[in-house]
Amino acid sequence: NSNLNATDVLHLATAWQNKCNIIITRDEFFIKEASKILKQEKVWKTFKILNPKRALYLLRKVQK
């Protein structure tokens, strides 16, 4: 059960099935709702949905 629309569900499912680690988007509603699903499914530690600013921060942190 979620409030995601059909296109958001397709994006999330496609990324998840193809073992993506990060989805980067400015859609704060998608981030919030999809994150709930990932936490519920216990995959939040390996698959994140982030806004560009947060993604850039994490990528820079990994480079160090």
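**Surface, fold and charge in a predicted model**

The model is a predicted one, so the values here are all computed from it. As for burial, 28% of the 64 residues count as buried.

On to the fold. The protein has three helices and two strands, and reading along the sequence gives the pattern α-β-α-β-α. The C-alpha trace spans about 40 × 20 × 20 Å along its principal axes. The radius of gyration is 12 Å, which agrees with the value near 11 Å that a compact globule of 64 residues would have. Contacts also reach well along the chain: of those between residues at least 6 apart in sequence, 60% join residues at least 24 apart.

Then there is charge. The side chains include 13 positive and 5 negative ones, and the centres of these two sets sit 13 Å apart.

One residue gets a look of its own. Lysine 61 is part of helix α3, which covers residues 52-63. Its relative accessible area is 53%, and because the cut-off for exposed is over 50%, lysine 61 counts as exposed. Asparagine 51 is ten residues away from lysine 61 in sequence, and the C-alpha atoms of the two residues are 16 Å apart in space.

Conventions:
Residues are numbered from 1 along each chain as its sequence is written. This is a predicted model: local features need pLDDT of at least 70, side-chain atom pairs count only at pLDDT 80 or more; totals for chains, interfaces and linings use all residues. Side-chain values use heavy atoms; hydrogens and water are left out. Helices (H or I, at least four residues) and strands (E, at least two) are DSSP runs, numbered from the N terminus. The radius of gyration is taken over C-alpha atoms; the globule rule is 2.2 Å times the number of residues to the power 0.38. Buried means under 20% relative accessible area, exposed over 50%, partly exposed in between (1.4 Å probe, protein chains only). Contact means heavy atoms within 4.5 Å. Lys and Arg count as positive and Asp and Glu as negative; His and the chain ends are not counted. The place of a charge is taken as NZ of Lys, CZ of Arg, CG of Asp or CD of Glu.
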